[in-house]
Amino acid sequence: MDHLIFLAQERVESVQVTLHSATTRFANNLVSLGNGVKASFNNALISVKNQRFSGDVAEKVRDWLAKLREALSVFSPSEVYNRFLIFFLTEVTRTHIYFGGACFFAGSIIGILVGMRLRSSMVAPQRMRAVVAISYRGMEAIGVVEDVVAPRIVDPHQVLIQVKAAGIDYLDIKVAEGYGRVLRKQLNKYNPNMDGEFPVVLGRDCSGVVVAVGKAVTRVEQGEEVWLAVPFYHPGTLSEYLVVSEELVALKPSQLTYEGAAALPYSIMIAWDALVTQGKLGPNTTEGKRVLIHAGASGVGVVAIQLVRAWGGNVTTTVSSRAAPLAHLLGAEDVITYDSSNFDKELLLREKYDVILNTVGQVLHESCLKHCLPGGVVVTTTSSQLASDSYGYVIGGLYSLYMRARYWLTKSPWLTGGRWGTVVVSGSVLEKVSPLIESGRLQAVVDKAYSAQDAEVAFSHVAKGEQIGKTVVRFSSEGHLNCDVCALLTRRLLME
């Protein structure tokens with residue numbers, strides 16, 4: 001082996017000497033040619049002044065051509081090629097070729113492995129399609145636009161995601177009506193990806209593929225499939241590309257399609273906060289507990305029913321007659337249909353509950369208190385009015401100063417996960433429920449899936465309040481898709 005290395009080094013040195021000699025002669029001729037060109041140019045300028053332009057130019061052109069021929073005669077590509085050919089035919093042996101091939105193969109493998117570890121510098125296109133609110137006039141302000149400025153990574157902990165599907169939450173309609181506008185406007189001032197108050201990109205959850213990651217990202221890598229939810233003050237998910245903090249992202253369970261993965265994350269966050277954070281339920285504390293879930297066919301309701309059943313609790317839920325079969329399939333033991341009976345009277349015939357989940361709103365609060373055990377918990381999941389949305393000029397100015405002070409203290413009020421709401425939105429919650437999805441105890445319920453260009457129709461469907469589970473928008477070239485959720489879920493459960 002030492003002898004082979006010595007021979008290889010000897011041949012390389014010989015080639016280096018030949019190349020160095022030819023390169024030196026070529027460089028000297030180029031320098032000489034450059035000096036001649038400079039002198040000729042100066043003389044040409046002088047000739048113009050002396051009215052001798054034509055003759056001098058012709059003479060200088062002949063000079064340049066002569067020098068160029070001289071340079072090419074010294075450095076001939078064909079001569080260099082012939083010398084290399086003779087060298088390899090007469091000096092290189094089969095052993096040298098084997099040794100070189102082995103080194104080339106090993107180097108290629110190392111290069112591929114190193115390349116796979118390198119962070120990609122890919123960025124999204126400059127413009128993208130998105131579903132936005134162009135003002136705070138509610139449903140009439142919602143539309144699909146094609147020229148929203150695409151986001152870019154501006155923080156080492158951020159992730160750039162190509163969105164495959166995104167869910168629509170009723171909260172998005174409230175955002176289009178102005179919910180969180182003051183907080184959002186203040187936070188946008190410190191977000192390089194935002195330019196002004198409008199347009200507001202809607203959407204609270206999505207699934208997609210990681211396109212690029214910041215230098216400090218450790219949770220995900222480029223090319224991985226992910227799912228996530230974002231808080232109400234964050235730029236929405238109904239766009240072709242999205243930049244978020246890595247702490248909001250989790251790997252998508254392989255059992256879920258993009259549509260299914262887009263239907264769950266934000267509902268999981270709300271249900272987890274209600275049941276675990278406020279209701280003190282969990283895998284080890286729910287066994288035997290009685291839980292009442294109002295509107296069990298809503299996005300939050302279908303998740304809550306499945307979580308409580310997976311943890312061993314007893315579920316009673318109120319739904320429409322149309323959704324009753326689904327509620328049973330999801331695991332509810334006691335289903336009350338509110339459109340065919342007086343659910344309040346029906347509840348009086350039953351034992352009281354340890355935890356009551358009110359997904360409807362303030363209108364049911366007194367009823368919930370009446371049916372809750374002493375020491376029990378009533379949790380309302382609907383979003384209450386934000387104090388900042390009603391601030392006047394003076395208080396609003398003080399609030400702006402507070403936001404500026406917080407920014408200068410933290411240097412990142414929300415880009416890396418600063419929280420301004422009561423519900424904690426985090427990828428770690430999605431990681432905790434992933435085993436339930438993998439075991440089939442938590443499934444997505446997609447009411448309807450629309451293509452991006454039909455997003456306005458999708459919002460109209462959500463606004464009617466008739467959806468079962470979640471409505472999804474797909475960012476792909478495929479056409480419109482409607483899902484009969486009850487039939488779909490029934491077939492899936494029967495197969496298992």
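## Strand β1 and its partners

A133 stands opposite V200 in strand β4 (residues 200-201), and two bridges join β4 to strand β1 (residues 127-133) in the antiparallel sense. Strands here are DSSP runs of E with at least two residues, helices are runs of H or I with at least four, and both are numbered from the N terminus. Two strands count as paired if DSSP finds at least two bridges between them. This is a predicted model, in which local features need pLDDT of at least 70 and side-chain atom pairs count only at pLDDT 80 or more, while totals for chains, interfaces and linings use all residues. Residues are numbered from 1 along each chain as its sequence is written, and side-chain values use heavy atoms, with hydrogens and water left out.

On to the next partner: β1 also runs antiparallel to strand β2 (residues 142-149), joined to β2 by six bridges. In that pairing M128 stands opposite V148. β1 is mostly covered, with five of its seven residues buried; buried means under 20% relative accessible area, exposed means over 50%, and partly exposed lies in between (1.4 Å probe, protein chains only).

## Strand β15

Strand β3 (residues 158-168) pairs with β15 in the antiparallel sense over four bridges, and I168 has T471 as its bridge partner. Strand β14 (residues 446-451) runs parallel to β15, with five bridges between them; here V446 is partnered by K470. From β14 the chain crosses through helix α15 (residues 455-463) to β15, and this β-α-β crossover is right-handed (with the strands pointing away from the viewer, the path from the first strand over the helix to the second runs clockwise).

Ten of the twelve residues of helix α9 (residues 299-310) are buried, so α9 is largely enclosed by the rest of the structure. Among those buried residues are V300, I305, Q306 and L307. What covers them includes α8 (265-278), β9 (290-294), β10 (314-319), α10 (324-330), β12 (353-358) and α14. After α9 comes G312, whose phi is positive, near 95°.

Which residues touch the most other members of the largest nonpolar core? They are W227, L238, I268 and L307, in a core of 89 residues. Helix α8 gives the largest share of this core, eight residues. A nonpolar core is a set of buried Ala, Val, Leu, Ile, Met, Phe, Trp, Tyr and Cys residues joined through side-chain atoms within 4.5 Å. Leaving aside neighbours within four places in sequence, L307 is in contact (heavy atoms within 4.5 Å) with A271, L275, V433, L436 and L442. A second, separate core of eleven residues includes M128, L160, V201 and A212.

## Salt bridges

Side chains of opposite charge can pair when their charged atoms come close. A salt bridge is a side-chain nitrogen of Lys or Arg within 4 Å of a carboxyl oxygen of Asp or Glu, and by this rule there are eleven. In one of them, R204 pairs with D172, their closest N and O atoms being 3.1 Å apart. This pair links distant parts of the chain, 32 residues apart: R204 is in the loop between β4 and β5 (205-213), and D172 is in helix α5 (residues 170-176). Both R204 and D172 are buried.

E431 and R219 also meet in a salt bridge (2.9 Å, N to O). E431 lies in helix α14 (residues 427-438) and R219 in the loop between β5 and β6 (225-229), so this pair ties together parts that are 212 residues apart in sequence. E431 counts as partly exposed at 41% relative accessibility, and R219 is partly exposed at 32%. Another salt bridge joins E225 and K252 (3.4 Å, N to O). Here E225 is partly exposed at 35% relative accessibility, whereas K252 is buried at 11%. Finally, salt bridges that share partners join D334, E346 and R350 into one network.
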